[in-house]
Amino acid sequence: MFNRLLLSTVLGGVLVAAFVAAGGGVSQAQTSQAKKWTVPRTPDGQPDLQGFWNNTTYTPLQRPTGVNKEFYTAEEAVEMINKAAAAEAEQTVPGTVEDVHYDFTQFGLDRSQAPLAQNLRTSLIVDPADGKLPPLTDEGRRRQTARAEARKRAGGPTDAVQNQSLSVRCILMDRNGPPMLAGAYNNNYQIVQAPGYVMILVEMLHGPRIIPIDGRAQLPPAIRQLEGSSRGRWEGDTLVVETTNFTDATGFQGSSENMRLTERFTRVDADTILYRFTVDDPSTWTRPWSAEVPWRKAVGPLFEHACHEGNYGLYNTLAGARAQDKREAEASASKPSK
Amino acid sequence: MRHCLTRALLASAGVAAVLSLAAVPAGGQARSYRAPRTTDGKPNLNGIWQALTEAHWDIEAHSAAPGAVLELGASNAIPGGLGIVEGQIPYTPQALAQKKENFANRLKLDPEIRCYLPGVPRAVYMPYPFQVIQTPTHIMVVHTFARAVRTIYMSDHKEAPADSWMGWSNGRWDGETLVVDSTGFLDSTWFDRAGNFHSDALHVVERFTATSPDHLAYEATIEDPKVFTRPWKISLPLYRRTERNAQLLEFNCIPFAEDLIYGHLRKEPAR
Amino acid sequence: MRTTFAAAIAGAAILFAAAPTRAHHAFSAEFDISKPLKLQGTLRKWEMINPHSWFHVDVKMPDGTVVPWLIEGGSPNQLIRLGVTKNTLAVGTEFIIEGYQARDGTNKAVGRNFQFADGRTLFLGGSAPGAAGADKP
């Protein structure tokens with residue numbers, strides 16, 4: 001039997017060495033102190049964000065209960081990562097639900113095999129200062145309840161394909177957003193810049209984000225899109241992208257279609273883009289909130305992710321549920337009637 | 001003095017008229033139009049482009065015909081088209097039989113109906129805009145339908161690591177022409193709604209040439225020894241979408257096809 | 001089962017973000033936890049597709065018949081970055097696969113572990129160019 005624990009220890013060791021050698025991590029607090037690095041320019045004068053990037057992170061969106069500070073020490077962060085890597089690599093116990101899965105490590109998909117930007121933060125949320133989502137408004141609470149009730153009315157997850165998540169249906173994943181947040185694996189992006197446009201190709205769903213930076217107006221309010229509509233501009237060396245026109249189905253962390261998202265991309269060194277976003281949705285939260293996560297330079301290419309086309313698993317899941325229903329119906333039909 | 005000015009004006013107008021005539025392609029052949037350059041000195045193909053043909057229905061010359069859906073009547077009927085193929089598609093006899101079967105069963109088999117990626121070259125002449133985002137190392141082509149993306153590698157050419165729906169494209173410049181050589185296709189896409197198809201041996205070489213500020217001449221040579229007796233060509237003009245603020249809108253069609261694909265697996269079947 | 005699973009994951013999530021669990025949930029709905037299996041067979045084809053790749057494996061039964069099985073594996077994208085291609089695994093390669101059978105009763109399974117006949121784990125320990133971690137820039 002292959003010893004996954006041994007593998008994770010070896011990989012964890014590599015991480016420790018790299019993390020400590022680099023002397024810590026990139027954070028908002030440290031950015032201003034970082035040695036002055038000049039971002040190269042594209043031929044038409046834009047700060048150059050081009051290339052392949054990965055936003056894998058072990059840092060949770062919200063600060064964990066019991067943690068009361070904004071930053072770990074380098075040693076604490078490394079310990080946290082090693083624990084997480086070991087847990088992911090640990091052999092699952094046969095007969096448990098976690099065991100009913102292919103092994104991420106075999107396919108290079110576990111987080112310890114992804115490029116990792118150093119991050120000492122205890123949460124991705126940087127504002128509010130407690131690292132947690134702000135309270136919901138009354139409208140936000142009502143919507144949350146209404147959505148939960150609608151889900152209940154729709155039945156079980158395998159009753160209909162529409163009861164499965166947008167992610168399982170290959171329609172929208174956390175890596176696409178926006179905002180773009182890492183999932184379990186393939187957290188890769190390709191940024192390409194041409195005059196008037198920044199394009200981000202998201203590996204998952206092979207999803208294109210075309211962001212005009214030519215100052216054009218936003219789409220009319222009648223047009224709603226799952227990924228909203230984005231408009232970008234440069235503020236110094238930072239790309240600022242404003243996105244509105246979301247649909248009601250998007251629902252990022254419970255957001256409404258009125259969400260206004262502002263993303264900021266700053267290349268802080270050759271290997272790192274600092275990605276920061278602010279969510280402003282007064283229909284849902286009592287105040288805007290912001291989060292930050294560094295992206296690490298990665299190796300390409302992005303191979304095609306034709307998810308919907310290859311989604312046999314979803315088909316099999318639904319077919320399996322119907323086969324189960326049939327077995328149960330036949331079993332109860334064969335019982336003597338009361 | 002005024003007389004000389006008028007003659008000068010007339011002369012320059014004449015020259016201007018000749019120039020603009022020269023820029024319009026005659027019979028699909030590119031005149032020697034020199035496109036504006038990108039900063040790395042290459043023809044600038046950036047922009048939003050769209051085909052204006054009936055090829056998405058049937059790439060061969062065809063007459064008007066009924067559609068496959070009764071309730072859609074004339075709005076889904078097939079308009080006649082001159083075709084974009086030079087001559088007829090040279091199928092082998094077995095492949096021609098397969099094409100006919102595809103056509104007869106197109107409601108069940110056409111991958112477009114299921115919101116599957118359209119492949120190459122179908123994506124080029126689907127009736128929706130596509131955007132070219134051009135850099136020295138990568139030319140990205142983003143299509144409206146199913147948000148299909150093609151990456152054209154302009155350097156560091158590799159073989160396709162595995163087969164895909166949109167293929168693996170290696171590009172180079174041949175004077176004013178972008179030449180794109182694509183292989184590594186799955187056999188899953190069609191060329192149109194009429195059941196014209198290919199195998200995983202498909203090899204497509206495309207040529208994009210600017211013929212005016214707002215036109216591209218597009219040609220593709222299609223080769224597939226498992227399906228066709230010889231290579232064959234298609235050609236059509238591509239038009240720039242010149243509306244101010246022209247842009248691609250999101251066409252994530254998966255939700256529109258799910259009941260077709262999974263509806264029979266509902267706990268209570270869809271009608 | 002969902003409740004049990006959620007509890008198990010919550011325990012692991014104290015100080016760090018657990019890997020997203022949605023995908024796991026779909027798997028235990030697709031494959032039957034009460035039908036573990038171990039198969040030995042030869043590779044006919046590896047469909048390097050997403051969201052999950054599929055291994056077409058011919059399994060020789062005790063009576064000599066050959067039964068085709070379809071085994072679900074991971075997304076190939078990271079392996080491709082590590083140099084794996086459609087030519088990496090030869091047709092006829094012998095595999096031992098541990099996994100769970102599909103709930104719909106067909107000859108499909110998820111492969112929790114793929115091994116070569118000699119015991120080496122697929123894609124680890126040098127069985128593919130640039131083994132784990134090699135893509136770190």
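Trainee: Which residues does Met140(B) touch?

Mentor: In this predicted model, local features need pLDDT of at least 70, side-chain atom pairs count only at pLDDT 80 or more, and totals for chains, interfaces and linings use all residues. Residues are numbered from 1 along each chain as its sequence is written, while chains are lettered from A and ligands numbered from 1 in the order in which they are written. Leaving out residues up to four places away in sequence, Met140(B) touches Val192(A), Met199(A), Leu201(A), Ile133(B), Val149(B) and Thr151(B). Two residues are in contact if their C-beta atoms, placed from the backbone, lie within 7 Å.

Trainee: Which residues touch the most other members of the largest nonpolar core?

Mentor: They are Met199(A), Leu201(A) and Met140(B), in a core of 132 residues. A nonpolar core is a set of buried Ala, Val, Leu, Ile, Met, Phe, Trp, Tyr and Cys residues joined through C-beta atoms within 7 Å. Buried means that 20 or more other C-beta atoms lie within 10 Å of the residue's own, with C-beta atoms placed from the backbone.

Trainee: What lies apart from that core?

Mentor: Another core, of 10 residues, lies apart from it, including Ala160(A), Leu314(A), Leu265(B) and Ala29(C).

Trainee: Turning to the chains, how many residues of chain A are in contact with chain B?

Mentor: Chain A contributes 38 residues, in contact with 32 residues of chain B. H5(A) gives the most to the side of chain A that touches chain B, with five residues. Helices (H or I, at least four residues) are DSSP runs, numbered from the N terminus.

Trainee: And how many residues does the contact take from chain C and chain A?

Mentor: It takes 57 residues from chain C and 59 residues from chain A. H2(C) supplies the largest share of the chain C side, eight residues.

Notes: Helices (H or I, at least four residues) and strands (E, at least two) are DSSP runs, numbered from the N terminus. A residue is buried if 20 or more other C-beta atoms lie within 10 Å of its own, exposed if 12 or fewer, and partly exposed in between; C-beta atoms are placed from the backbone.
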